[in-house]
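Have the sequence and the 3D view ready. The paragraphs below walk through this structure step by step.

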Amino acid sequence: MITDVVFRSLRTRSRLIPVEELLSTCAGSRMPEIVPELLTVPIAFRLADVCPTRAITTETRNRGELALSLDYGKCIGCGRCADVGQGAVREARQLPQCGGTREKLVRSWQVYPEVKEEEQVRPGIVRDEIYNLLGRALNIRQLDPGSCNGCEAEITALTSPYYDLERFGIHFVASPKHADMLLVTGPITRNMAAAALKTYEAVPLPKLVVAVGACGCSAGIFGSSELVRPVDAVLPVDGYIPGCPPTPAMLVSGILAVLRRNRG
Ligand code: SF4
Ligand code: SF4
């Protein structure tokens, strides 16, 4: 009887879905999310291959770098990308793009190639590579036009017996005239800008400049009218090593990457 149904319904307490708790999440939507640190070139191509709506695409940009784009406006939440993503794709918990413009529904990530066995930073490999590129050891002049000395502490550690940088075929030299590379730390202060420029001019050609640390890359936490700001505000920079401060391993890898990229 319909009256039984009505009475039962009236006796049962209504259960509201707690929408307010779900407002900031996209749980249940099956929208994917990329985990950039696990994204490799083969995985990126595989994701683009399996996506049935072409929501995931890859594109080769300048210098042969690969970019992966995910268009949430085309995604149907089928989950195929997560199945083949080997951890590089997971279910999104939040989707702040909801309600935004069409352009905001598209996200992009740069895909870094995997470090090949022969490119691993090992003393013998690095030494051979430096010798092949330069025909001798790499000489570096370290320049501090305004750092807090945190980066210097790590650079100094490189030369200790613990890290023993010299086995990589890398030496620090006292004069810019003997250097192949300037390793510049810290933001450049107004008082040091002219000295930094003179040091750069004293390095013989061909020369490389590496900006070290958050301060070298962007001026980091420092903001003052006494600063000229990051290293590239004064000197032409060939490569950037982030970190506050970068570890000795990051320094060696970064120095080698700059050399490789600028070979010839
Ligand atoms: S969930 Fe399906 S449609 Fe959405 S990006 Fe992944 S493969 Fe493409
Ligand atoms: S990056 Fe960090 S450690 Fe290096 S100079 Fe700046 S504040 Fe100091």
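How do the residues of the shell around ligand 2 divide into nonpolar, polar and charged? Seven are nonpolar, four are polar and none is charged. Here Ala, Val, Leu, Ile, Met, Phe, Trp, Tyr, Cys and Pro count as nonpolar, Asp, Glu, Lys and Arg as charged, and the others, Gly among them, as polar.

This is a predicted model, in which local features need pLDDT of at least 70, side-chain atom pairs count only at pLDDT 80 or more, and totals for chains, interfaces and linings use all residues. Residues are numbered from 1 along each chain as its sequence is written, chains are lettered from A and ligands numbered from 1 in the order in which they are written, and side-chain values use heavy atoms, with hydrogens and water left out.

Stay with ligand 2. Around it stand Ser147, Cys148, Gly150, Cys151, Gly213, Ala214, Cys215, Phe222, Gly243, Cys244 and Pro245. A residue belongs here if one of its heavy atoms lies within 4 Å of the molecule. Helix 6 (150-158) and helix 8 (213-218) are the elements that give two or more residues to this shell. Helix 8 gives the most, with three. Helices (H or I, at least four residues) and strands (E, at least two) are DSSP runs, numbered from the N terminus.

Pro245 is in the loop between strand 12 (239-241) and helix 9.

Now take helix 6 and helix 9 (residues 248-261) as a pair. They pack at about 80°, with axes 9 Å apart. Axes are lines fitted to C-alpha atoms, for helices over the stretch in contact, and angles run from 0 to 180 degrees between N-to-C directions. The two helices are therefore roughly perpendicular, a term for angles of 65 to 115 degrees. Glu154, Ile155, Ala157 and Leu158 in helix 6 meet Pro248, Leu251 and Val252 in helix 9. Contact means heavy atoms within 4.5 Å. By class, this contact has six nonpolar residues, no polar ones and one charged.

Next comes ligand 1. It is surrounded by 14 residues, the closest being Cys51, Cys75, Cys78, Gly79 and Cys81. Ten of the shell residues are nonpolar, three polar and one charged.

Two loops remain. Leu205 and Pro206 are joined by a cis peptide bond, with omega near -10°. Pro206 lies between helix 7 (190-202) and strand 10 (208-212). Arg54 is not a glycine, yet has a positive phi of about 60°. Its loop runs between helix 3 (41-50) and strand 2 (56-60).

Technical notes
Parallel < 35°, antiparallel > 145°, perpendicular 65-115°, else oblique.
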